Amino acid sequence: MDFTEDQIMRYSRHIILPEVGGKGQEKIAKAKVFMIGAGGLGCPVGYYLTAAGVGTLAMIDNDDVELSNLQRQIAHSTNTIGMPKVESAQATFGALNPDVNIVPLKFRLSKDNILDLIADYDIVIDGSDNFPTRYLVNDACVIAKKPLVSGAILRFEGHVTTVLPGDGHCYRCLFEEMPPPGLVPSCQEAGVLGVLPGIIGGLQAMETLKLILGKGDVLKETLLIYDALKTTFRKVKVRKNPECPVCGDNPSIKELQDYEANYCSS
Amino acid sequence: MEEIVSDKKIDIKGLKCPYTFVKSKLAIEGMEKGQVLEILLDYKEASNSIPKSMEAHGHKVLKVENINDTDWVLLIKKEKD
Ligand SMILES: [Zn+2]
């Protein structure tokens, strides 16, 4: 691939790295990533992947920008309140790097559309904020054999894990079933210190780049837990569960089911 | 001593670091193992830093020569993909 002079300048700090080089940058430029959510996690993930020069970045989110998002959702702004989040983020990312093909999808992700949506993409990044979506995305990625970089945040704690279907654990190996609605904190209780999604989203973007480059270790069979108050990172080993209902030896989930429950899904 | 014939030449005069190395690296990436890249430059610091970086990347520096008041010629043999 021939880079333009501007691209050589723009990506020079990548190209210099022995682990990247022009060939690695070419891999990044050809990568197609699919992002679930353009909120707390999706904003930093999309921002950094756009800066890195990924080829195609799709993002799906059905919400509009609200004032209360702006304490942490850094791709949106006071001027884009009321605008669909995917359009607000597209404007921000497009201004940062016009090389990237940004695909905004403003509708709900569902069991009926997810497999078609992710079919053409190399990597899926989950930045959703609710359990039904998290399980739907996990099951779809296992069925479609798509690498999944999953992130979650709550108050002062963040989780990151990378699912490589057929080569390691999945989200259900970790937490087999969704927690019953009573155990899930309501959205009003679910405060979050605004920097936390930046840290977790940054880790997700880094996992994604390493998957694209095929360099380093990713969080395969590992759950990374960040405690912002204590400033600790803890890695927990996660074994693939041979009896996992979706990725085990005799899976009971062979097609996507109904994931809706009485959760707050804002 | 036998004259070394380069397989590819680049002129990066006018460029400063890190673009001197970025351009050199992109050039050598596109070559075959065993081939020799000739680099013409006029940014003094790069006459030190490019050979050092090329060695760190696993390549062999065959020559670093100050050819006149302003210019250097480097010869680098590609030894690693
Ligand atoms: Zn599993």
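Tutor: An angle under 35 degrees counts as roughly parallel, one over 145 as roughly antiparallel, one from 65 to 115 as roughly perpendicular, and any other as oblique. This is a predicted model in which local features need pLDDT of at least 70 and side-chain atom pairs count only at pLDDT 80 or more, while totals for chains, interfaces and linings use all residues. Residues are numbered from 1 along each chain as its sequence is written, chains are lettered from A and ligands numbered from 1 in the order written, and side-chain values use heavy atoms, leaving out hydrogens and water.

Student: How are H4(A) and H5(A) oriented to each other, roughly parallel or oblique?

Tutor: Helices (H or I, at least four residues) and strands (E, at least two) are DSSP runs numbered from the N terminus. H4(A) covers residues 42-52, and H5(A) covers residues 85-96, with the two axes 9 Å apart at an angle of about 25°. Axes are lines fitted to C-alpha atoms, for helices over the stretch in contact, and angles run from 0 to 180 degrees between N-to-C directions. The angle therefore makes the pair roughly parallel.

Student: What is the handedness of the crossing of H4(A) and H5(A)?

Tutor: A crossing is left-handed if the near helix is turned anticlockwise from the far one by less than a right angle, and right-handed if clockwise. For H4(A) and H5(A), the crossing is right-handed.

Student: Which residues of H5(A) meet H4(A)?

Tutor: Contact means heavy atoms within 4.5 Å. From H4(A) come Gly42(A), Cys43(A), Gly46(A), Tyr47(A), Thr50(A) and Ala51(A), and their partners in H5(A) are Thr92(A), Phe93(A) and Leu96(A).

Student: In chain B, at roughly what angle do the axes of H1 and H2 cross?

Tutor: H1(B) spans residues 19-29 and H2(B) residues 44-56. Their axes come within 10 Å, and the crossing angle is roughly 40°.

Student: Which residues of H2(B) make the contact with H1(B)?

Tutor: H1(B) passes H2(B) in a right-handed crossing. On the H1(B) side are Thr20(B), Phe21(B), Ser24(B), Lys25(B) and Ile28(B), and on the H2(B) side Ala46(B), Ile50(B), Ser53(B) and Met54(B).

Student: Is the peptide bond from Cys17(B) to Pro18(B) cis or trans?

Tutor: Pro18(B) lies in the loop between strand S1 (8-11) and H1 of chain B. Omega of the bond from Cys17(B) to Pro18(B) is near 5°, and the bond is cis.

Student: What is phi of Arg155(A)?

Tutor: Arg155(A) sits in the loop between strand S5 (148-154) and strand S6 (157-163) of chain A. Phi has a positive value in this residue, which is other than glycine, and is near 55°.
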